[in-house]
Amino acid sequence: MSEILKKIELVPKIYEIVVDAPRIAGKSQAGQFVVVMADPQGERIPLTIADFDPAQGTITLVLMVVGTTSMKLSRLEVGQSLHALIGPLGEPSNIEDRGTVVMVAGGVGTAPVYPIARAFHQSGCRVITIQGARSKGLLFWVDRLASVSHRHIITTDDGTAGQKGLVTEPLEELLREDGGKNIGRVYAIGPAIMMKFCCLTTRPFGVETIVSLNSIMVDGTGMCGGCRVAVGGKTRFTCVDGPEFDGHLVDWDLLLSRQQIYSKEEACSFERLLGELQQQNG
């Protein structure tokens, strides 16, 4: 149950993990997530289902090592099993005929963008993907995204691959081509600050922009209340009402401030884990 069948380091600190989970794979849809535990003493964390194969009975998770639990998960090897795996959870993406959709993937946001882009591609929509990273060495799944895109644009902050600059620049260029009239929807998934500025870019053109707020979730079941967000002036829970929301209605300043609530505790926990690992290694 939940055995790890494959694990590779895609780029520094970002891992792809393929897990044996036939029941979850059979019910998964684009945009959904799972909750995982690395060990009995660990915390529960949500991870987007980056890919799923019902025929093989597998799901693919992509994680970036940023704290204690992600470090523990990254150290599990092929043949070992996750302590707990629950899902699929969350509302799936609304895949409908929107003509042309623009997918904006920032950094590790590439992973959750892929199944959504694939679903729109399979539905017959024209998919334009903008994939961004700080540098060429941090880009991953480039071929996967390109395979489900009619047009694939790459940007890097330092210009080592594709266009030099931020993902918002080609996004604005696409919108200006026809005033955004031929773009039915924009998806932006990545760091919160990136999603905020993508929404600021699309707002003047009146193009619906969907964001995924997975990063603010804690336990993923709606019980802890840690994922509260203000959307359109109303309180929503990311894990049960989302994770996708209309980005033009999200209170970004509140969300960005809430992301820092547990930063001290997270840093303390991570430092303790690193200390333990150093002792184990002598």
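Residues count as partly exposed when their relative accessible area falls between the buried range, under 20%, and the exposed range, over 50%; the views below come from a predicted model.

View 1. E16 is buried, with a relative accessible area of 3%, while the charged end of R144 sits over the ring of Y114, 5.7 Å from its centre.

**View 2. An aromatic cluster contains Y114, F140 and W141.** The ring centres of F140 and W141 lie 6.1 Å apart with their planes at 70 degrees, so this pair is edge-to-face. Both F140 and W141 are buried.

**View 3. D51 and R118 meet through their side chains in a salt bridge (2.8 Å, N to O).** Because D51 lies in strand β4 (residues 45–53) and R118 in helix α3 (residues 110–122), the pair ties together parts that are 67 residues apart in sequence. D51 and R118 are both buried, and the charged end of R118 sits over the ring of F52, 5.3 Å from its centre. A network of salt bridges links D51 and R118 with K6, E16 and R144.

**View 4. Helix α5 (residues 168–178) has T168, P170, L171, L174 and L175 buried.** The buried residues of α5 pack against several elements, including β7 (100–106), β8 (126–133) and α6 (192–202). Just after α5, G179 takes a positive phi of about 70 degrees.

Conventions
Residues are numbered from 1 along each chain as its sequence is written. This is a predicted model: local features need pLDDT of at least 70, side-chain atom pairs count only at pLDDT 80 or more; totals for chains, interfaces and linings use all residues. Side-chain values use heavy atoms; hydrogens and water are left out. Rings of Phe, Tyr and Trp (its six-membered ring) pair if their centres lie within 6.5 Å; planes under 30 degrees apart count as stacked, over 60 as edge-to-face and the rest as tilted. Buried means under 20% relative accessible area, exposed over 50%, partly exposed in between (1.4 Å probe, protein chains only). A charge sits over a ring if NZ of Lys or CZ of Arg is within 6 Å of the ring centre and within 35 degrees of the ring normal. Helices (H or I, at least four residues) and strands (E, at least two) are DSSP runs, numbered from the N terminus. Contact means heavy atoms within 4.5 Å. A salt bridge is a side-chain nitrogen of Lys or Arg within 4 Å of a carboxyl oxygen of Asp or Glu.
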